[in-house]
Amino acid sequence: LQLANEPALNSDGHDDAVKAYYRAAVTAARAHLPSLPLYLSFIPPNDEAVPAFVAGLVAAGAGRLVIDQHWYLNWASPSGSPLGWEEMHRRACSEAAQTWRPYVAAGLPLILGEWSLATNHDEHVDIADAAARAQLRRLFLAQLAAFSADAGVLGAFFWTMRMGSGWDPRPTDAAPDGSQREGSSAWRSRDGYPYRVWSLLEMAEQGVVPRREEAMAAARTVCRGAGE
């Protein structure tokens with residue numbers, strides 16, 4: 001349930017209206033979905049207001065509510081002040097969990113509904129370079145380690161599956177479920193597309209994203225010493 005994509009709950013003059021919407025939306029949804037978990041997403045930071053508000057909804061009988069948290073390194077520093085690889089690895093390993101700790105403390109389950117390999121305001125990364133691919137792979141594993149090590153996190157979803165690949169989701173009579181444009185592949189961005197690191201399929205094709213079993217095994221050790 002979202003009023004808008006990543007709404008805030010720390011805007012003077014608007015909080016009462018936002019809260020009223022969510023109270024009404026949860027009540028309406030529960031009339032039809034009495035037991036299904038409902039997911040709510042807000043943009044951080046929110047001055048601790050969201051955990052208290054959502055916990056209050058649960059206490060008032062809203063049922064099981066799950067926070068949809070989004071965590072990105074792409075906007076972690078001011079534009080023009082890029083983070084180096086080591087600092088990004090350190091933040092993923094040592095600071096990521098701090099951003100959702102208030103939800104865990106409030107007893108609210110959460111998912112990481114969006115995360116990616118984009119960094120430094122979509123800074124170009126030459127994935128043809130083996131060293132760059134190695135750093136991206138390490139950063140993927142560091143984030144996965146932070147998400148999987150926290151019992152309060154129910155799951156994490158890389159954003160996105162495919163991006164810039166030529167997939168056209170618009171339904172047509174010939175392809176009611178969408179179609180892949182001729183000459184393109186879901187596993188590769190089209191020539192000239194600058195945001196290739198946003199595509200999970202392409203990163204897997206490039207060897208940045210390992211298979212699940214390999215990734216989970218490597219994630220257990222990738223953060224050792226990262227906070228030192």
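1. A disulfide is taken as a pair of cysteine sulfur atoms within 2.5 Å. The structure holds 1 disulfide, formed by Cys93 and Cys223 with their sulfur atoms 2.0 Å apart. The torsion about the S-S bond of Cys93 and Cys223 is about -80 degrees, so this disulfide is left-handed.

2. This is a predicted model: local features need pLDDT of at least 70, side-chain atom pairs count only at pLDDT 80 or more, and totals for chains, interfaces and linings use all residues. Residues are numbered from 1 along each chain as its sequence is written, and side-chain values use heavy atoms, with hydrogens and water left out.

3. Cys93 lies in helix α3 and Cys223 in the segment after α7 (212–219), so the pair ties together parts that are 130 residues apart in sequence. Helices are DSSP runs (H or I, at least four residues), numbered from the N terminus.

4. Helix α3 (residues 85–94) packs with helix α5 (residues 130–148) at an angle of about 15 degrees, their axes 8 Å apart. Axes are lines fitted to C-alpha atoms over the stretch in contact, and angles run from 0 to 180 degrees between N-to-C directions. α3 and α5 are therefore roughly parallel to each other (angles under 35 degrees).

5. The contact (heavy atoms within 4.5 Å) includes Cys93 of α3, and among the α5 residues are Leu139 and Ala142.

6. Helix α1 (residues 15–32) and helix α2 (residues 49–62) pack at about 35 degrees, with axes 12 Å apart. Residues in contact include Tyr22 and Val26 of α1 and Phe53 and Leu57 of α2.

Notes: Helix = DSSP H or I, 4+ residues; strand = E, 2+ residues; numbered from the N terminus. Parallel < 35°, antiparallel > 145°, perpendicular 65-115°, else oblique.
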